[in-house]
Amino acid sequence: MTDTHTPTGDQSPEERRKLARRTVLAAGSAAVTAVGVGSAFAATDGTAADTGTGAAASASASEGACYTLTSELVEGPYYIDADKLRQDVTEDQEGIPLHLTLRVIDAETCTPLRNAAVDIWHCNASGIYSGYEEMGSGGGGGGTPPTDAPTDAPTGTPTGPPPGGGGGHQEPTDDTRYLRGTWHTDRHGQVTFKTVFPGWYQGRCVHIHVKVHVDGEWMDAGYEGGHTCHTGQLFFDEKSVLLSATVEPYASNTTTRTTLDEDTIYPDNGHEGGLLYLAYDRHHVARGVRGHLTLGVEPDETNNG
């Protein structure tokens with residue numbers, strides 16, 4: 001049962017602050033539940049992404065909601081420090097258009113974080129990360145096996161470091177930077193990117209990497225200083241991934257795919273763990289997908305992943 005007591009003069013400032021926060025979180029939890037149900041119905045019902053109706057309605061409903069802290073996850077080996085200030089990260093990559101909207105809030109106060117720098121990066125439809133093309137199937141884990149691979153080797157067997165998830169940082173092998181970008185949040189804590197639906201590679205489910213930086217300065221050359229308060233990953237439900245796999249160039253990716261349930265990095269805690277709300281036309285998914293999520297972060301903490 002919700003505690004409805006109000007702060008009294010006998011309580012310390014810290015006790016009053018905690019009590020007020022519990023009240024706000026209780027109200028916010030109910031709002032989040034309502035948003036989750038509505039969004040799931042919209043995606044299941046095949047809401048047309050190109051009209052924006054499903055995502056827009058869900059985003060509007062969640063505008064005043066208070067969220068729990070979003071899970072911190074591993075950075076992975078293929079992060080390249082912010083050097084592409086842009087919202088459209090697609091470049092020449094083929095794939096299903098993805099309109100991604102993220103809202104960043106202080107998980108304790110529920111205040112939107114303005115002018116935070118948000119990085120996203122992910123592999124292409126073939127499972128390759130830009131900046132690591134020379135690693136071939138070892139870099140992103142996708143594509144075809146090397147020509148000298150044993151004939152009984154599984155398709156997509158990596159030849160380089162362990163793909164995608166853990167392990168130390170790998171230095172880039174080339175100057176490509178597609179499907180990577182950094183942009184600032186607006187006064188509502190919101191940032192939008194144009195990209196493509198990610199593909200997959202051996203050992204990982206379909207995902208997008210994300211970082212949030214605060215307290216730095218925006219320069220012509222990039223974002224300088226500050227610290228990283230959140231490192232996470234964004235995930236896609238199995239139904240949307242199965243639909244994408246019927247569309248080229250995803251259909252040509254013969255690498256054995258890891259499902260969301262099989263993935264060892266997804267924390268299995270739904271939207272709190274990075275599972276995106278999605279809207280699309282299930283009969284015409286190639287037209288595009290809209291995804292959105294609110295990220296609850298601790299701006300005073302450092303989380304480099």
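The model is predicted, so local features need pLDDT of at least 70 and side-chain atom pairs count only at pLDDT 80 or more, while totals for chains, interfaces and linings use all residues. Residues are numbered from 1 along each chain as its sequence is written, and side-chain values use heavy atoms, with hydrogens and water left out.

**Overall fold**

The chain holds three helices and eight strands. Both are DSSP runs numbered from the N terminus: helices are H or I with at least four residues, strands are E with at least two. From the N terminus on, the order is α-α-β-β-β-β-β-β-α-β-β. Of the 305 residues, 49% are buried. Buried means under 20% relative accessible area, exposed means over 50%, and partly exposed lies in between, with a 1.4 Å probe and protein chains only. The accessible surface is about 14,100 Å², and 51% of that belongs to carbon and sulfur atoms. These areas come from the Shrake-Rupley method with a 1.4 Å probe; for residues, only the protein chains shown count as cover. Among contacts with a separation of 6 or more, 79% link residues 24 or more positions apart. Contact means heavy atoms within 4.5 Å.

**The open sheet**

Four strands form an open sheet with mixed pairing, in the order β4-β1-β8-β7. Its edge strands are β4 (190–196) and β7 (277–279), each pairing on one side only. Two strands pair if DSSP finds at least two bridges between them. The twist averages 20° from one strand to the next. The angles run from 0 to 180 degrees between N-to-C directions, and axes are lines fitted to C-alpha atoms, for helices over the stretch in contact. Three bridges join β7 to β8 (residues 289–297), and these two strands run antiparallel. Tyr 277 stands opposite His 292 in β8.

**Nonpolar cores**

A nonpolar core is a set of buried Ala, Val, Leu, Ile, Met, Phe, Trp, Tyr and Cys residues joined through side-chain atoms within 4.5 Å. The largest one has 39 residues, and Leu 102, Leu 234, Phe 236 and Leu 295 have the most contacts inside it. The elements that give it two or more residues are β1 (97–106), β2 (117–121), β4, β5 (207–219), β6 (222–235), β7 and β8. Apart from it lies another core, of nine residues, including Tyr 78 and Trp 121. Beyond its neighbours within four places in sequence, Leu 102 touches residues including Val 118, Ile 120, Val 210, Leu 234 and Leu 295.

**The loop between α3 and β7**

Arg 257 lies in the loop between α3 (238–244) and β7. Its side chain makes a polar contact of 2.6 Å with that of Glu 238. A polar contact is a pair of N or O atoms within 3.5 Å; within protein, one must be able to donate a hydrogen and the other to accept it, and residues adjacent in sequence count only if both atoms are side-chain atoms. Leaving aside neighbours within four places in sequence, Arg 257 also contacts Trp 200, Val 241, Leu 242 and Glu 262. Pro 249 is in this loop too. A cis peptide bond joins Glu 248 and Pro 249, with omega about 5°.

**Positive phi**

Most residues other than glycine have a negative phi, and most peptide bonds are trans. Two non-glycine residues with positive phi are listed here.
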